[in-house]
Amino acid sequence: MSENIGMSSCCLSGAVHEGKPSGRTDTIGGLDTYIAEPKDGAKTKTVVIISDIFGWEFPNTRLLADAYAAAGFYVYLPDFHTGDSLPISFLQNVEPPLKKQAELTITEKATNAAVVPTTLGPWLVSHREAVSKPLIDGFINTLRTTPGTHKIGAVGFCWGGRYAILQAHGPSQTPGEIGGVDAAFAAHPSLVAVPGDFDPVSKPLSIAFGTKDSLVDEKTRGGIIDVMSKKTELPHEIRIYDDQVHGFALRSDWSSEEDKKAMDEATRQGVEWLSKYLA
């Protein structure tokens, strides 16, 4: 039986990074999309970033799109939430930075915990798999017919991490919902079903977890590792980052050298994986 791992207040925490994204916006496949291009403009190695709950306009995600473009990928960051991402003000004002989580009093933690179901519950219903996966599949289908596009990879964070894993299942067998990428990288995916989301994986998959991820504990990670270890013919890797919490690969506090290093290493993990399997 598959076990779904949900979201906690940790998913809503983190830090907004400084820097000005250098890409451009356009409409691709009917969706608003941030585009970051490599120096040569080539689309031979294409990456689709599937954002966390804060969406395509979150500065951190756009800066990461720029980082992947600098590594030679043609990057698309679509608005798969269709204008309904959680506001960045919620990240900044309702939840403290990750490193302050341990300093919260019991009352403060209880208050934050109470916010989660009222905030995330309705949002997750609106953006359930039956709604979101067809959007993502359709976007991938559009790219497959875009001149110059060769191989396509998916990079997903948190909410988007699960959908990166689903895209690593390969083309859908459901008529009209083809989708499927050539390789994928998922950082601290949430809402995953174990083993259900992992049994069908048929494309190279790399995953990053933190040891202090409140959404995916050691037992759950062990279950994922067990499922993937049976795929002896399929390239895959699962890296565990010590003392890192959920969201570390996207929302780490850059004032902490340890946290920033972990985020940089996770970015390198995704870049190196996709460089190899989109070649």
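Which residues of helix 6 are buried? In this predicted model, the buried residues of helix 6 are Thr220, Arg221, Ile224, Val227 and Met228. They lie on the same side of helix 6, because they cover an arc of only 120° around the axis.

**Helix 6**
- Helix 6 runs over residues 218-229, and its end C-alpha atoms are 16 Å apart.
- That distance agrees with the 16 Å that twelve residues should span at 1.5 Å a residue.
- An α-helix has 3.6 residues a turn, so residues three or four places apart point the same way.
- Strand 8 (193-194), strand 9 (205-212) and strand 10 (236-245) are among the elements that cover the buried residues of helix 6.
- Glu218 and Lys219 are exposed, on the face of helix 6 turned away from its buried side.

**Lys133 in helix 4**
- Lys133 belongs to helix 4, which comprises residues 129-144.
- The relative accessible area of Lys133 is 15%, under the 20% cut-off, so Lys133 counts as buried.
- Apart from neighbours within four places in sequence, Lys133 contacts Tyr163, Leu166 and Ser172.

**Confidence**
- The protein has a mean pLDDT of 88, and 84% of its residues reach 70 or more.
- Residues 7-13 have pLDDT below 50, yet this stretch has 41 contacts in the model beyond near neighbours in sequence.
- Where pLDDT is low, the predicted coordinates should not be read in detail.

How values were computed: Residues are numbered from 1 along each chain as its sequence is written. This is a predicted model: local features need pLDDT of at least 70, side-chain atom pairs count only at pLDDT 80 or more; totals for chains, interfaces and linings use all residues. Side-chain values use heavy atoms; hydrogens and water are left out. Helices (H or I, at least four residues) and strands (E, at least two) are DSSP runs, numbered from the N terminus. The expected span of a helix is 1.5 Å times one less than its number of residues. Buried means under 20% relative accessible area, exposed over 50%, partly exposed in between (1.4 Å probe, protein chains only). The arc is that of the directions from the helix axis to the C-beta atoms. Contact means heavy atoms within 4.5 Å. pLDDT is the predictor's confidence in each residue, from 0 to 100.
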